[in-house]
Amino acid sequence: MIRKLTITLLFLLFCATTAPAQQTPPPAADSGRLAALSVLSILPAQGEPGTTVTLNGTGFTSATTVMLGSRELPAQVVGGRIMTFELPELPPGAYALFLKRDDGATTRPFNFVLQAQKPVVSSLIPDTVTSCATGREREVLVNGANFRTGTRVLLDGAVLTTRFISPVMLAFTAPTLPAGVHQVQVKNPTDASSTVLALFIDAKPEIANVSVGREFVNYYELIVSGRNFHQNSVLVVDGKRLATGKQLVGEREQLVYGGCNQMTYLRFPYDPTPKEITLQVVNQSGEESALFTISAP
């Protein structure tokens, strides 16, 4: 009897001593909070505003902040050893970079160079301007990024009057330029420049249409429509060159310049029978239009 009572008491005592131990959770391991706050690497070591910087080190917590100069920056901690943050809009230069933890621990300062943000150009609309274009036809939009008030467009190195539309779009008016390819570049007030885009000035004459105009007793008008016609352009009629201005003695046929898009050929036919006439416009630069054929007297 005494033996059974002893066994029962021992069993109850065992249960009483083991039950509380099963209900108590184990202490959470939090070695990261106990580690010294340090930075082992900074990538990249310098950058432009908007660049994401990654710090590798120890002792990071969710309350650890990044200090860049006197500016406290929001940051994200990944796994206690990696921290990322985005470079803010600040004047370019060297700044002290260090971390500050909520328990007051800080790292030593590191020199970090904030570079001037470079403008980025991606396209021109249009990328070709005809030499005779006027007004809004000469306006060119520059698409890109990182533009700001004070950003200027450079054309072959010369600064142009620039219209700021948004951080991703500028506008300028193409000045009078020789035919060919010209370089367009963008420069921010910080002197940071973009890469170069090509703007093509098209001066090649083009005949779009020829029609019969007014008819007179012994001549009639052939209206030549197109583009890139100049005051000194020549109209070649079946191989014969006809220029504007004063005609030679004995010459009756004339060419009247009506603007970049029109010339009028005063034709004196020998008979009213229609025949094929081949026309071509040649500019002083030597650029020629395609041949245009019309049936007329």
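Let me start with contacts, meaning heavy atoms within 4.5 Å: among those in the protein between residues at least 6 apart in sequence, 54% join residues at least 24 apart. Please keep in mind that this is a predicted model, where local features need pLDDT of at least 70 and side-chain atom pairs count only at pLDDT 80 or more, while totals for chains, interfaces and linings use all residues. Residues are numbered from 1 along each chain as its sequence is written, and side-chain values use heavy atoms, leaving out hydrogens and water.

The protein has two helices and 26 strands; these are DSSP runs numbered from the N terminus, with helices being H or I of at least four residues and strands E of at least two. Of its 297 residues, 36% count as buried, that is, under 20% relative accessible area with a 1.4 Å probe and protein chains only, whereas exposed is over 50% and partly exposed is in between.

Now, have a look at strand E21, residues 234-237. Val234 and Val236 point one way from E21, Leu235 and Val237 point the other way, and all are buried. Which strands pair with E21, if pairing takes at least two DSSP bridges? One is E22, residues 240-243, joined to E21 by four bridges and running antiparallel. Here valine 236 stands opposite arginine 241. The hairpin of E21 and E22 has two residues between the strands, and in it aspartate 238 takes a positive phi near 50 degrees. E21 also runs antiparallel to E25, residues 275-282, again with four bridges. In that pairing, leucine 235 stands opposite valine 281.

Is asparagine 143 buried or exposed? Asparagine 143 counts as buried because its relative accessibility is 15%. Not counting residues up to four places away in sequence, asparagine 143 touches Val120, Val121, Ser122, Ser123, Ile125, Val168 and Met169.

Last, the largest pocket. About 320 Å³ of space lies in it, and 16 residues line it, with Glu253, Tyr265, Arg267, Phe268 and Tyr270 nearest its centre. For the record, a pocket is an open set of points on a 1 Å grid over the protein atoms alone, where a 1.4 Å probe fits, with protein on both sides within 12 Å along at least five of seven lines; lining residues have an atom within 4 Å of a point. The volume is the space filled by probe spheres set on those points, which are joined across faces, edges and corners.

Terms used. Pairing = 2+ DSSP bridges.
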